[in-house]
Amino acid sequence: MSAQSYRQLVIDGLWNNNQAMVALLGLCPLLAVTNTAINGLGLGLATLLVLTLSNVTVSIIRNWVRPEVRLPVFVIVIASFVTAVELSMNAWFYELYKILGIFIPLIVTNCAIIGRAEAFASKNAISRSLVDGLAMGSGFTLALVTLGAMRELLGMGTLFSQANLMFGEAAGGLTISLGDDFKGMLLAILPPGAFLGLGFLIALKNLIDKRLSHSRKAATHQAAANTELATG
Amino acid sequence: MTKHPVIIAGLILSLFAVSGVGMVALVHDQTKEIIATNEREALLKLLTALVPAESIDNDIVNAVTVARDADRLGKEEVDVYLGLKEGKPVAAVFTPVVPDGYSGPIKLLVAVRIDGSLGGIRVVAHKETPGLGDKVEEQKSDWIYGFTDKSLTNPGLAGWKVKRDGGEFDQFTGATVTPRSIVKAVKNTLLYYRDHGNSLFQSATGGPT
């Protein structure tokens with residue numbers, strides 16, 4: 001039973017209840033930093049780290065924090081981790097920090113994190129909360145990188161530019177370019193491009209879900225995803 | 001009895017506040033030196049791109065003085081880094097602000113050599129339109145290199161405009177405001193240096209040179 005539910009947690013986090021594409025949480029950083037794939041990856045990993053740490057911590061303390069102060073306690077936990085991650089990034093990924101800097105503190109206000117703390121970690125065991133944090137964080141990262149890659153490719157005709165900021169000088173060669181002739185579609189880089197891109201991603205996901213449910217009539221998790229969409 | 005749960009809740013909350021602050025303080029303590037080094041090195045890298053490291057022998061990052069002229073430098077107080085060799089002035093790197101960028105102020109580094117020519121300029125921070133005005137960035141186009149070696153006599157005061165206004169400097173297709181405001185700000189910095197450059201260096205070298 002337990003193996004099945006872990007698997008379900010991962011599938012929910014990555015796909016069925018993807019925080020960015022289904023729950024539509026954390027849109028502010030999502031839309032703001034996804035002008036390149038690497039920026040998306042940077043913020044995604046920072047969010048993943050904070051989400052996992054906060055899920056585990058909240059799960060550890062879930063039995064002895066009184067309900068009337070649980071939300072302030074969660075906020076303190078999350079804010080402390082975010083500040084720690086911000087300082088660490090400033091120290092060890094300085095170049096990336098200079099680009100993402102102002103969006104890192106905003107992770108505190110990412111509803112996805114307090115949402116998982118309240119809805120999942122405060123009611124579940126430590127190991128399950130850890131898996132949930134990793135899965136939800138990966139799902140969020142995945143959406144950020146996909147959206148970033150889409151916008152970067154359309155807007156600048158490159159992919160993984162500035163990879164060296166994150167992985168060191170050796171990774172500079174990772175950059176893929178469509179060639180100098182490609183002028184780029186400015187709209188994709190500008191803020192409206194983020195909204196359009198996210199819209200396309202959600203539409204694509206719904207299309208895939210529809211295909212899946214057609215081929216497998218009795219896809220029970222589909223119903224769950226749909227209700228999430230309707231209420232979210 | 002009714003007070004009791006409230007006090008416990010308050011204690012728990014303050015416990016978390018204290019441990020949260022403790023953790024942040026610990027991380028801050030571990031990282032603050034690395035962060036300071038990072039910032040120093042990033043600044044040094046920027047400065048030595050404009051004032052070659054071999055042309056100076058002082059610690060330029062710490063050889064900083066302040067220029068006060070809001071009209072010409074865009075800000076009440078502007079840091080100026082002074083490059084010296086054997087105690088003699090080599091170049092001054094100004095950090096002026098362009099007040100009239102297309103979407104907000106633009107922060108510059110402007111290196112002026114002792115003879116009044118430009119060692120080069122760089123855009124440090126801006127909010128110009130991606131794809132149009134952001135060609136002022138070193139990574140996006142060569143435009144910013146066009147200032148190197150220019151001075152108030154080359155091209156001359158009348159030439160310190162974009163081509164559309166009858167000057168010497170290129171504008172970008174679709175973005176004239178950004179280059180125009182930067183050209184004006186660099187010219188103003190050079191004018192400030194012409195009038196006050198000597199006194200800036202005197203403050204650093206401790207007397208007339």
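In chain A, among contacts between residues at least 6 apart in sequence, 78% join residues at least 24 apart, where two residues are in contact if their C-beta atoms, placed from the backbone, lie within 7 Å. The model is predicted, so that local features need pLDDT of at least 70 and side-chain atom pairs count only at pLDDT 80 or more, whereas totals for chains, interfaces and linings use all residues. Residues are numbered from 1 along each chain as its sequence is written, while chains are lettered from A and ligands numbered from 1 in the order in which they are written.

**Chain A**

Chain A has eleven helices and two strands, which follow one another from the N terminus as α-α-α-α-α-α-α-β-α-β-α-α-α; helices (H or I, at least four residues) and strands (E, at least two) are DSSP runs, numbered from the N terminus. Of the 232 residues in chain A, 46% are buried, a residue being buried if 20 or more other C-beta atoms lie within 10 Å of its own, exposed if 12 or fewer, and partly exposed in between.

Helix α3 (residues 37-61) of chain A packs against helix α7 (residues 126-156) of chain A at an angle of about 165°, and their axes are 8 Å apart. Because of that angle, α3(A) is roughly antiparallel to α7(A), a label given to angles over 145 degrees, with those under 35 counted as roughly parallel, 65 to 115 as roughly perpendicular and the rest as oblique. The axes are lines fitted to C-alpha atoms, for helices over the stretch in contact, and the angles run from 0 to 180 degrees between N-to-C directions. The contact of α3(A) with α7(A) comprises, by class, 17 nonpolar, 13 polar and two charged residues; Ala, Val, Leu, Ile, Met, Phe, Trp, Tyr, Cys and Pro count as nonpolar, Asp, Glu, Lys and Arg as charged, and the others, Gly among them, as polar.

These two helices also take part in covering helix α6 (residues 111-119) of chain A. In α6(A), the residues A112(A), I113(A), I114(A), R116(A) and A117(A) are buried, and what covers them includes α3, α4 (70-92) and α7 of chain A.

Chain B is divided into domain 1 (1-50) and domain 2 (53-205), with bounds that come from an automatic or database domain assignment. The C-alpha centres of domain 1 of chain B and domain 2 of chain B lie 37 Å apart, and eight residues of domain 1 of chain B are in contact with ten residues of domain 2 of chain B. On the domain 1 side of this contact in chain B, the classes are six nonpolar, one polar and one charged residues.

Between the chains, the contact takes 19 residues from chain B and 21 residues from chain A. The side of chain B that touches chain A has 14 nonpolar, five polar and no charged residues.

**Backbone features of chain B**

The peptide bond from N154(B) to P155(B) is cis, with omega near 15°, and P155(B) lies in the loop between β6 (118-125) and α3 (177-205) of chain B. Two residues of chain B other than glycine have a positive phi, as listed here.
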